[in-house]
Amino acid sequence: LLTAGLDMLLYTSCELSFEIAEPTPFVLMLRPRSGANQWISREQYEILPQVPAFEFTDQYGNLCQRLIAPAGDFSVQTGTEVSVPDTAETAPGAPFIEVQYLPDNVLSYLLPSRFCESDRFWQMAMEITDGQMLGYDQVQAIEHWLVKYIRYLPGTSDEPISAAEVNMRQSGVCRDLAHLGIALCRALTIPARLVVGYRYKLEPMDMHAWFEAFVGGQWYTFDAVQHDTKGGYVAVGYGRDAADVAVYNQFGPAVYPLEQLVDVKRLPEPHAR
């Protein structure tokens, strides 16, 4: 039985493999949670070798897992069946919400952050959105500008770079394009946040990042990568920028995955009962 409106059933998987030199604390963010736009019907989460893991919810509502990885081979494998909309909601004309009427929990998404220096983009944002109705149409103009002027170059950036750096380079990975979109939105006093997760039919397949903007009283999805189709998103983490939504953070000597395998498949929908 599928939740109303969630008419695409996906199977997402991620496998991370490491070679650990010494016991290393990790904080992982690899479990999507059910919400208005996705419903988790089945999940598997395997840590090898098995070690104690403790889950908590961070300040943005993300499910996070704490553990200490032992020295040697270490891997994390996840798999999730999740129902999502096959078309993300759009709302041309949705109005701008003045700051005094915004919900308390979106106010933090108005401020400059480590990778989204929105205080440096007001003039540029005004030029990009000139003539647009305040609100959704401004964000849509920003999305179209990113598609037209910032080249999407997958695999070219392992470390997050800031919106200002992306604007200078005029290129980046999905996370970088999202950072610039967020900075431009916040420069216009439109709350915007980074989302990390999975995207059906993403090419090349990997973890994906996009951004959401709060207009007309709710969050809407915007994506400068493969923007022509809006469905098949599975959100794993939300935050101000990439510093808040890393799928893993390790503490101590730098550790990088030997292998990161990501896949998203569409499953046959079960018959409604």
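In strand β14, Val262 is the bridge partner of Cys14. This comes from a predicted model, with residues numbered from 1 along each chain as its sequence is written. Local features need pLDDT of at least 70, side-chain atom pairs count only at pLDDT 80 or more, totals for chains, interfaces and linings use all residues, and side-chain values use heavy atoms, with hydrogens and water left out.

Strands here are DSSP runs of E with at least two residues, helices are runs of H or I with at least four, and both are numbered from the N terminus. Eight bridges join β14 to strand β1 (residues 8-20), and the two run antiparallel. Two strands count as paired if DSSP finds at least two bridges between them. Four strands make up an open sheet, in the order β3-β6-β1-β14, with antiparallel pairing. At the edges sit β3 (39-48) and β14 (259-266), each pairing on one side only. In general, strands of a sheet pair through backbone hydrogen bonds.

Next up is helix α4, which covers residues 174-187. Its 14 residues reach 20 Å from first C-alpha to last, close to the 20 Å expected at 1.5 Å a residue (the expected span is 1.5 Å times one less than the number of residues). As for cover, 14 of the 14 residues in α4 are buried; buried means under 20% relative accessible area, exposed means over 50%, and partly exposed is in between, using a 1.4 Å probe and protein chains only. After α4 comes Thr189, with a positive phi near 65 degrees.

Then there are the charged pairs. A salt bridge needs a side-chain nitrogen of Lys or Arg within 4 Å of a carboxyl oxygen of Asp or Glu, and by this rule the count comes to nine. In one of them, the closest N and O atoms of Arg31 and Glu43 are 2.8 Å apart. Arg31 lies in strand β2 (residues 24-31) and Glu43 in β3, so this pair ties together parts 12 residues apart in sequence. Arg31 is partly exposed at 22% relative accessibility, and Glu43 is partly exposed at 30%.

Another salt bridge joins Arg193 to Glu212, with the closest N and O atoms 2.7 Å apart. That pair links distant parts of the chain, with Arg193 in strand β9 (residues 192-199) and Glu212 in strand β10 (residues 208-215), 19 residues apart. Arg193 is buried at 14%, and Glu212 is buried at 9%. Salt bridges that share partners also join Arg31, Glu43 and Glu55 into one network.
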